[in-house]
Amino acid sequence: MGFPWRHRGDDAAASNQGTQPDVPHAEVTARGGGVAAGGSIIGSALGENSKVTYIEQQYVSINRREVEWPMVIGTVPMLASAFQPRTELRNQVDQARGHGDAVILASDTAKPESGIQGLGWPQGSAAQVMSGGGGVGKSQLAAAYAREAIRDGTDLVLWVSANDVQQVITAYAQAALSVQAPGSTGEDQDRDAQAFLAWLASTGRSWLVVLDDITNLEAVEPWWPDSLRGTGWTLATTRLNDPRLTGARRAQINVDVYSPAEAAAYLTTRLAHGATAHLIDDQAAALTEALGYLPLALGHTAAYMIREQVPCRIYLERFSDRAARLDEILPRWADTERYGRQITTTLLLALDATDQDPLGPLARAALRIAAVLDPAGHPAPLWDTAALTAYLARHQPTSTPNPAVVAGHRRGTTPPLITSEEARAALRLLARYALVAYDGSADGHRAVRIHALTARAVRESTLEDEHRAVTIAAADGLVDVWPDLDETQRELASVLRANTEALSTHARKSIWASGCHPVLQRAGKSLIKANLPRAALAYCGAMVADCERVLGNDHPDTLSARSNHAVSYQLAGRTSEAIALLEQVIAGREQLLGHDHPDTVTARGHLATSYWQAGRNSEAIALLEQVVADCERLLGNDHPNTMTARANLAVSYQLAGRTSEAIALLKQVVADRERLLGHDHPETVTARANLAPSYGQAGRADEAIALLEQVVADRERLLGHDHPETVTARANLATSCRQAGRTGEAITMEEQVVADCERLLGNDHPNTLAARANLATSYWQAGRSSGAITMEEQVVADCERLLGNDHPDTLIARANLAVSYQEAGRADEAITMEERVVADCERLLGNDHPNTMTARANLAVSYQEAGRTSEAIALLEQVVADRKRLFGNNHPSTLGASNALSRWQSAVDDLGQSEA
């Protein structure tokens, strides 16, 4: 969010004129052919005219919601019914933990990971990392520790699948909000995740973080938890075995297969739990040896024996026969982890058994789908999509209809092909043979899981043509289940991104067979909507490179990938790069698709947003006017995209000081939305909220206040008292009251807004800072200048701490403080700070950015008030020339600066004549 500049007393430095008018922040959200996908022409804030300020303790009492301890974040896997405690391993882990060592559970049989450069793990963190080949029970042992921590009352237990670093970031961001980590806002996942790491390092609460299945050491390394106070520890699992994991007080503990005694105990206990202890015979030891004492293979075997009522001797015969014929499917050289042959053999035996069930062919097809997705799990509703049920239908036996399908249908009618219930029945069949884990009790985000080695064996036994069909069905299903609003279902979106990554990794050739599959573009947009700028930039940049390599520079998918990449540049604040790329996208789309194609119009909306961010308001308005005309011509006056385009253009007029045009257009938007969407529709209420500032800007304060009072009442009724949009509406109403001279009412409302923001969002949230800014402005207007300066000084420090010295909001916070210094008679401090602001704006924003010109105008006023008249006039002459060149002679900001320059020059002339 951007903080506006405070007015100076002289109209030369009326800094909001022409750039950020002294009105509450507009709330227009663009969709479709409007501006940036999922964004707005300007970000939502708590009053665009707010200064960044700090509220002193005596004014507001903080009332934050209490955190309920203990808490569990993430899904801890269930322990196997015959879970083996692995006493020797546990003793090694406990001993290392007692010494405060980081422990890596590694396998002597796992091959070192290649291609990992310069890993540097954090020093001194109490962490245990279990590493070993697949199927040896690392996650089960970690789950046992997690469940014991929960039973022991550990304050925080967090379990996260770490095979995709974005899942780690999302889980950390969720945890930051849950524990109310200082600095977490809910708006920037990267920042929230960092805030959580800082909380873990400093908290006195007990905690356990489990990072399950690390596959990329370099990616996870920046997110490794530490406990400076020794109250928490980290437990990780990985199939990697690299010497760089050790050192710096990190002990490596090898996890291998069961011992013969453990394998025998597992099989005996598992069969006893299944009331089939009689299946144990004199071949039990030979069977566990043939299975390589591998826990996963033993799990497959036990499930088969219980289901089929087969004793050890018979299963061993079937296993040996299958293994002898395995070279046809899995050559020995392909078994890179040593354990693949046992897993593949037990898998094939289980599939042979499922084939005897009427749902067997569906189960085999369903297993192929699960094998190309994330082993950590995918959502159960995926199996309700037409894409997956259609794929399963192609594998339904044609000769003998499934009784479950035919039941309930009259003879001679055509029964449905495959229902979602049949799909889930196939999953339950797979679960009975331990081929997948399926939680059918709830549609969780990771309700369907598969072991990585089982998945690998399935993929390697799938023919290439079938593999391509599986890939497309899974990709289509992911698109179908993806929520329209990622922001409202962040955890689900993270899981879907992880499944897209797994699909792309396992089936890269197939997913690009017919071009760039939409799920790949959807994952990039999801990263943008999740406000993950670094991840979005990396992903979208890679997508552009892939599209150019596979499809060519001029393919529509390549242009779409470049457009997403440009939006990720916008998100990261790299406006000039976004502009360059969007201009390239528009040129390509006009040439390839035509001037009037919806994608071309959308790209112009994106470019208008970037122009606005760069301070190129006149170009932004010209482009938005073109977008509105195109939408009206191509879509009609009542199309939602047309109304959104008009709303964005109206807000641009408002920001440029073209108030009468803004009012006329916004009134049309309000009327259209009331007619088409209804009086209470959220977009109708937003349209009214956008109209009110223009009334205030035009001096129609009573109308602005009346309209905002209606908006507040509507949002309280429709959304609730504590909804962020309701709080924003109250902040905007308070601002209008202050502008109308009703300062006492404004202060009362703004103190409540500050309290609400601190309670709902936390002390360091950007909207909390903006709320304090509004309050400080009202305090100053009420004559409480010393308190206002104290707040502003604190906010500058807060912005520097939270955002960095070069963030635009930090620059504006310093500019506002400088104005307050000047008005308080602290001229030297004001000039020193304003000179720094001018230099920073020129360096970071460019000479022609409106905020740079505002900073120069403020400095010119300070020079003039300090008696440095020649410097003031020279600087203001530059401001006037720049504003004429960029805004025109009749723009309000140009006129204000020109009038001030004329007065200053006349005063100098009068002084010269008097002295003469």
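A search of the whole structure, a predicted model, finds 0 disulfides. A disulfide is a covalent bond between the sulfur atoms of two cysteines. To count here, the two sulfur atoms must lie within 2.5 Å. Take Cys516 as a test case. Its closest cysteine sulfur belongs to Cys547, at 4.2 Å, so the pair is too far apart for a bond. Cys516 is also buried, because its relative accessibility is 7%, and the cut-off for buried is under 20%. Cys312 is another buried cysteine, with a relative accessibility of 0%.

Turn next to the strands. Strand E6 covers residues 232–238. Is E6 mostly covered or mostly exposed? It is mostly covered: 7 of its 7 residues are buried. Gly232, Thr234, Ala236 and Thr238 point one way. Trp233, Leu235 and Thr237 point the other way. The residues on both sides are buried.

E6 has a partner in strand E5, residues 207–214. The two strands run parallel, and 6 bridges join them.

Finish at a helix. Thr642 sits in helix H25, which spans residues 640–655. Thr642 counts as buried because its relative accessibility is 0%. What does Thr642 touch beyond its neighbours within four places in sequence? Its contacts there are Cys631, Glu632, Leu635, Gly636 and Asn637.

Methods. Residues numbered from 1 in each chain as written. Predicted model: local features only at pLDDT ≥ 70, side-chain atom pairs only at ≥ 80, totals over all residues. Heavy atoms only, no water. Helix = DSSP H or I, 4+ residues; strand = E, 2+ residues; numbered from the N terminus. Buried < 20%, exposed > 50% of the residue type's maximum accessible area, 1.4 Å probe, protein only. Contact = heavy atoms within 4.5 Å. Pairing = 2+ DSSP bridges.
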